[in-house]
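Subject: Structure handover and notes

Hello,

Here is the structure you asked to have passed on. Please keep it open beside this message while you read.

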Amino acid sequence: MTEHTVIPAGAYPHYSAIMTPEQLQAMRAHAQTDPDAFWLEQAQRVHWFKNPTQGFVGSFENDVSISWFADGTLNASVCCIDQHLTDKRDQVALISQREAEGRSESLTYRDLHERVCRLANALTYLGVQKGDRVAICLPMVSEAVVSMLACTRIGAVHVVMFGGCSADAVAERLVDSGARAVITGSMAWRGKKIVPYKETLDEALQKAGENSNVKAMLVVRTSDEAVPMLPGRDYDYHDFVDHFEADFIPVPMNAEDPMFMLYTSGSTGKAKAVVHATGGYMVWAAYTMGMVYTHQPKDVLWCTADVAWITGHTSVVYGPLANGGTTMISDSLPTFPAPGRWLDLIDAYKVTMLFTAPTAVRAMMADGDAEVNKRDLSSLRLLGVAGEPINPDAWLWYHDVVGKKRCPVADTWWQTETAGVVLGPVPGVQSLKPGSATMALPGVEVALVNTEGRREEGPASGALCIVRSWPGQCRTLWKDHDRFRQAYFSMVPGLYFTGDGARRDEDGYYWITGRMDDVINIAGHRLGTAEVEDVLGEDHRIVESAAVGVPHAVKGQALVVFAIPCKSAATEVNEKDISRLIASQIGRYAAPDAVYLVPDLPRTRSGKIVRRLLRKIASGDTETLGDLSALSDASLVETLCAFVQKQACSEKNAGASIGIQERSVFGGIRAAS
């Protein structure tokens, strides 16, 4: 099986590793024996006004308190820009490829410094001060990166919001955060779809009413169409900002001052805002990106994530720039206007490091090897994935076909709450196993905990927990520290509970099995839904799948599978085929109670499948779907609900028992047209 494939570190003779295996082991030993000294050493990866002398102070017990480098002062924009102006001022810092407008621009570190300073002066003129929150809701354009850095230069706390959020969701975030100003765009395109940024913000502010603290809105014109502006509140971004001075003295920040808040969707319908601190976050971003995606001269890193997600914060903006690299952003789609669009951009911009989601890999895989082989792709030297587990078959395709077996694949695991990579390889130093996130980076100690709360040793499976604090750990949830403590520290007292399950093999490599609520119990048989998805991932008639567990009156839980068939194979695969495949590869107990062949799956713009929605849809709980604001296409949810409801009605009319609990093994609907 592909799971047992091991690709030695020495398989990439043209990849320049940053250290030897012996040096990596020495780092681990140093971090284990003297963690404060280790992290104070790593803190020198960024520029400090006042160097810290304290490492970690706090506890995972009781009320939970977390503090890193507390006596140090710094400014994040200085770490990302000013510290490079001496030797890299004319190096390209940011490439912005604007697909919808058919143009691109490249900003050097000097250009970026000037734009950030102008906006910092403009925001200050509008009354924004240190500690104020600024909401940013922009497409993937240069101004999005500039806005984030300008906020940090002032000491304002940025709140980046996804452009696909509904007006209700935006209003909730504006009120909850107390944002004083907003930076948005007039509109944007996602393929053929228009995203009405300004219209949504106007509606959100109207809904927020007197509960909103927003006093000013800067609008980036992304089209030639007229944009309605409210006098006294709305400003044309460039007409206003470009007249300000191109220099701004950065505001010194204490290491524990909040740097940004990032909202994550909740199953209860109320989003939660994760709060990250300036010093610890910047050290963590520089460290993790430096270990996994080290920039070399002429490197171009393209992380395809939206800046509205933590991956975009760390892997698009702060990590690459803190390390003095070149980062690329694009508002393009992988298969629009034709298959292989992202591959064309790799060749056009000589991308050397591609970092994307497993969903994008599977989408490219579905287009076939021929699309990849039409392109050169010789500039690539490193590939990476994050967001959710990648099945070994897709990993090998990414490695063999896109990377031509000469690029290591950095499969990483992390979260909004961790701020950066926790599990992942140091490329060229560690052997790789397709589908495994390898090991924790030096300085991070993880543990697997069983159902009785005990830590497992050696090869084992269990809840993935982190034993000790790390600099990038989020400090709290905005205005709700009790919820923070309950969510992450109550399951296993003294440890941080990630919410994910994992398996550790005999070599100490970790395999993410998915969210703990994605491990289902079928009549006493524990089954990881990722295991089901891996089986289906090896069948090339299926583009992608998602398996979820739903309540069952007899078995406790039942398995339901949603699968996207290949376009060329829509008539060649049916529900019965899928059920038989799962039963033959895993066992009869794993045969799904329902299979749905669907056109797509609900996912965030970064490509992460939102399985909580599939669980609710499959179980008929469509009245409490929770927060849909992060979805790339919220209308798909209604389509899926209709699919499932239609099947339930047809079963009822045919005399079948109502509900998933009594549905036959081969229940489901035919492939959607």
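Below are my notes, taken region by region.

The model is predicted, so please read every value as computed from it. The domain assignment of the chain lists domain 1 as 445-513 and domain 2 as 523-655. The centres of domain 1 and domain 2, taken over C-alpha atoms, are 27 Å apart.

Helix H6

Helix H6 covers residues 167-177. How much of H6 is buried? Eight of its eleven residues are, so H6 is largely enclosed by the rest of the structure. The buried residues are Ala167, Ala169, Val170, Ala171, Arg173, Leu174, Asp176 and Ser177. They pack against strand S6 (133-137), S7, strand S8 (181-185), H7 and strand S14 (258-264). After H6 comes glycine 178, which has a positive phi near 70°.

One of these partners, helix H7 (residues 197-208), packs on H6 at an angle of about 60°, and the two axes are 8 Å apart. The crossing of H6 over H7 is right-handed. On the H6 side the residues involved are Ala167, Asp168, Val170, Ala171, Leu174 and Val175. They meet Thr200, Leu201, Glu203, Ala204, Leu205, Lys207 and Ala208 of H7.

Helices H5 and H10

A second pair is formed by helix H5 (residues 142-154) and helix H10 (residues 310-322), whose axes come within 11 Å and cross at roughly 60°. H5 and H10 are therefore oblique to each other, and H5 passes H10 in a right-handed crossing. H5 contributes Val145, Met148, Leu149 and Thr152 to the contact, while H10 contributes His313, Val317, Tyr318 and Leu321.

Histidine 158

Histidine 158 sits in strand S7, residues 157-160. Is histidine 158 buried or exposed? Its relative accessible area is 0%, and under 20% counts as buried, so histidine 158 is buried. Its side chain makes a polar contact of 2.8 Å with the side chain of tyrosine 318. Apart from neighbours within four places in sequence, histidine 158 is in contact with Val134, Ile136, Met148, Cys151, Thr152, Met259, Phe260, Met261, His313 and Tyr318. Of these contacts, Met148, Thr152, His313 and Tyr318 also take part in the contact of H5 with H10.

Serine 332

Serine 332 lies in the loop between strand S17 (327-330) and helix H11 (341-348). With a relative accessible area of 4%, serine 332 is buried. Which side chains does the side chain of serine 332 join by polar contacts? One is that of serine 330, at 2.8 Å, and another is that of tryptophan 342, at 3.0 Å. Leaving aside neighbours within four places in sequence, the residues in contact with serine 332 are Gln97, Glu99, Arg190, Trp302, Trp342 and Leu345. Threonine 294 is 38 residues from serine 332 in sequence, and their C-alpha atoms are 25 Å apart in space.

Regards

Methods: Residues numbered from 1 in each chain as written. Predicted model: local features only at pLDDT ≥ 70, side-chain atom pairs only at ≥ 80, totals over all residues. Heavy atoms only, no water. Domains from an automatic or database assignment. Helix = DSSP H or I, 4+ residues; strand = E, 2+ residues; numbered from the N terminus. Buried < 20%, exposed > 50% of the residue type's maximum accessible area, 1.4 Å probe, protein only. Polar contact = N/O pair within 3.5 Å; in protein donor to acceptor, adjacent residues only side chain to side chain. Contact = heavy atoms within 4.5 Å. Axes fitted to C-alpha atoms, helices over the stretch in contact; angles between N-to-C directions. Left-handed = near helix turned anticlockwise from the far one by under 90°. Parallel < 35°, antiparallel > 145°, perpendicular 65-115°, else oblique.
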